[in-house]
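Hi,

Here is the structure I said I would pass on. Please open it alongside this note; what I found follows below.

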Amino acid sequence: MKIPVGVSGLISAGDEVGWTVRIEYDTDGTGGCHVFTSKDGERHDNWEACSQRLRMTLRPGAMIAI
């Protein structure tokens, strides 16, 4: 399954329900992705390897980790 890079969505399952998430490729060529999350003015960013572990599925208005 393809990682939805550059698409914003809402997390609808897990510990961060209701948070907005956006994934962007690391421009330094590390093979990683930056995962940006935010809710109510609180923001976080993490780096993850762009691998099967990071797979996400996007449906209208929602993004769910699988």
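**Strand pairing**

In β2, Thr20 is the bridge partner of Leu10. That pair belongs to the contact between β1 (residues 8–10) and β2 (residues 20–25), which run antiparallel and are joined by 3 bridges. Please keep in mind that this is a predicted model.

β2 also pairs with β3 (residues 32–39). Those two strands run antiparallel as well, with 6 bridges between them. Across that pairing, Arg22 stands opposite Phe36 in β3. The hairpin of β2 and β3 has 6 residues between the strands. Within the hairpin, Gly29 takes a positive phi, near 75°.

**The core**

Which residues make up the largest nonpolar core? There are 6 in all: Ile11, Trp19, Val21, Ile23, Cys33 and Val35. β2 and β3 are the elements that give two or more residues to this core. As background, side chains in a regular strand alternate between the two faces of the sheet.

**The salt bridge**

The structure holds 1 salt bridge. Arg22 forms it with Glu24. Their closest N and O atoms are 2.7 Å apart. In general, side chains of opposite charge can pair when their charged atoms come close.

Arg22 has 31% relative accessibility, so Arg22 counts as partly exposed. Glu24 has a relative accessible area of 25%, so Glu24 is partly exposed too.

**Thr37**

Thr37 is found in strand β3. Is Thr37 buried or exposed? Thr37 is buried, because its relative accessible area is 5% and the cut-off for buried is under 20%.

What is Thr37 in contact with, leaving aside its neighbours within four places in sequence? The list takes in Ile11, Glu16, Trp19, Thr20 and Val21, then Glu42, Arg43 and His44.

**Confidence**

The protein chain averages a pLDDT of 76. Of the residues, 71% score at least 70. Where does pLDDT stay under 50? That happens over residues 57–61. For this stretch the model has 10 contacts beyond four places in sequence.

When you go through the model, you could start with Arg22, which stands opposite Phe36 and forms the salt bridge with Glu24. Then turn to Thr37, which is buried.

Best wishes

Conventions: Residues numbered from 1 in each chain as written. Predicted model: local features only at pLDDT ≥ 70, side-chain atom pairs only at ≥ 80, totals over all residues. Heavy atoms only, no water. Pairing = 2+ DSSP bridges. Helix = DSSP H or I, 4+ residues; strand = E, 2+ residues; numbered from the N terminus. Core = buried A, V, L, I, M, F, W, Y, C linked by side-chain atoms within 4.5 Å. Buried < 20%, exposed > 50% of the residue type's maximum accessible area, 1.4 Å probe, protein only. Salt bridge = Lys/Arg side-chain N within 4 Å of Asp/Glu carboxyl O. Contact = heavy atoms within 4.5 Å. pLDDT = per-residue confidence, 0-100.
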